[in-house]
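The model is predicted.

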Amino acid sequence: MSKDKVTTAAIRRMKAEGKPVTMLTAYDYSLAKIVDEAGIDMILVGDSLANVMLGYDSTLPVTMDDMIHHVKAVCRGAGCAMVVADLPFLSYQVSVAEAVRNAGRFLKETDAQAVKLEGGREIAGAVRKIVDAGIPVVGHLGLTPQSIHQLGAFKVQGKDEQAAQKLIDDARALEEAGVFAVVLECVPTLLAKKVTEVLQVATIGIGAGPYCDGQVLVIHDMLGLYPRTSPKFVKKYVHLHADIAAALKQYKKEVEERSFPGPEHSFSMSEEVLAKVY
Ligand code: KIV
């Protein structure tokens, strides 16, 4: 039975019916295909590709062209899953016109169905214009890695009354501006629960506890593939870094002792033909 493509209407319906939304990041064709085949609802081509794919220390250096390149590859692997493309640092903050143009590039140049951007009231005007252009938007509140130098550190956001109220006000502003979902990153469980109750649109948590409408993780973290330290909120479902390292060691050993390639990996030819060449 072929499943339908996940749409914004489907995500809204899942929130209304209390069905958890699943989201994972992916940055290339092969992993996107595995994510899609696992039935994950949404694939986020996050600007976290700066860290996990390109080896930068922050998400700040990644460009629109980097993003487009990876979003195209992911879209080739995504069947039913909705592909959400992350607007990178400085692609939407300078002016509303630039925000709309860059969001539009994802829909024009790739098969992504939605974009994500970080921030609250200060970007609500840009969100409204992007939505008015017919582009579905996911918001992102709490720990917003593009503002790392302003936040000072990767730490839990919204812990005191003022910060918690600001986060709720920002969430309301994003909903009013037209987002169909909001990522909540590194937020206390009870604050994420409150935001989830206040909003009509789905909340998708990462380090925001179990009461969000959905969950997202960076795929390299949850597969144990990223060589650097992962945050406390990551659950490692496998340890691919160690598994891959063991496989590579085995390959090196077999090549060095000439046990690979074996006959099953090699091609035969007639010895008579071979005898005629010199
Ligand atoms: O870039 C990213 O992967 C993200 C997730 C952490 C939500 O924004």
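Q: Is C80 buried or exposed?
A: The model is predicted, and C80 has a relative accessibility of 18%. Buried means under 20% relative accessible area. C80 therefore counts as buried.

Q: Which cysteine has the sulfur closest to that of C80, and how far away is it?
A: A disulfide needs two cysteine sulfur atoms within 2.5 Å. The sulfur of C80 is too far from its closest partner for a bond. That partner is C75, at 14 Å.

Q: How far is the sulfur of C212 from the nearest cysteine sulfur?
A: C212 is buried, at a relative accessible area of 10%. C212 takes part in no disulfide. The nearest cysteine sulfur belongs to C186, and the distance is 12 Å.

Q: What is the orientation of helix 5 and helix 6 to each other?
A: The axes of helix 5 (residues 96-109) and helix 6 (residues 124-132) come within 9 Å and cross at roughly 45 degrees. Angles under 35 degrees would count as roughly parallel, and 65 to 115 as roughly perpendicular. The two helices, helix 5 and helix 6, are therefore oblique.

Q: Which residues of helix 6 meet helix 5?
A: Helix 5 and helix 6 form a right-handed crossing. From helix 5, the residues in contact are V96, A99, V100 and A103. By class, the contact has six nonpolar, one polar and one charged residues. On the helix 6 side they are G125, A126, K129 and I130.

Technical notes: Residues are numbered from 1 along each chain as its sequence is written. This is a predicted model: local features need pLDDT of at least 70, side-chain atom pairs count only at pLDDT 80 or more; totals for chains, interfaces and linings use all residues. Side-chain values use heavy atoms; hydrogens and water are left out. Buried means under 20% relative accessible area, exposed over 50%, partly exposed in between (1.4 Å probe, protein chains only). Axes are lines fitted to C-alpha atoms, for helices over the stretch in contact, and angles run from 0 to 180 degrees between N-to-C directions. Helices (H or I, at least four residues) and strands (E, at least two) are DSSP runs, numbered from the N terminus. Angles under 35 degrees count as roughly parallel, over 145 as roughly antiparallel, 65 to 115 as roughly perpendicular and the rest as oblique. A crossing is left-handed if the near helix is turned anticlockwise from the far one by less than a right angle, and right-handed if clockwise. Contact means heavy atoms within 4.5 Å. Ala, Val, Leu, Ile, Met, Phe, Trp, Tyr, Cys and Pro count as nonpolar, Asp, Glu, Lys and Arg as charged, and the others, Gly among them, as polar.
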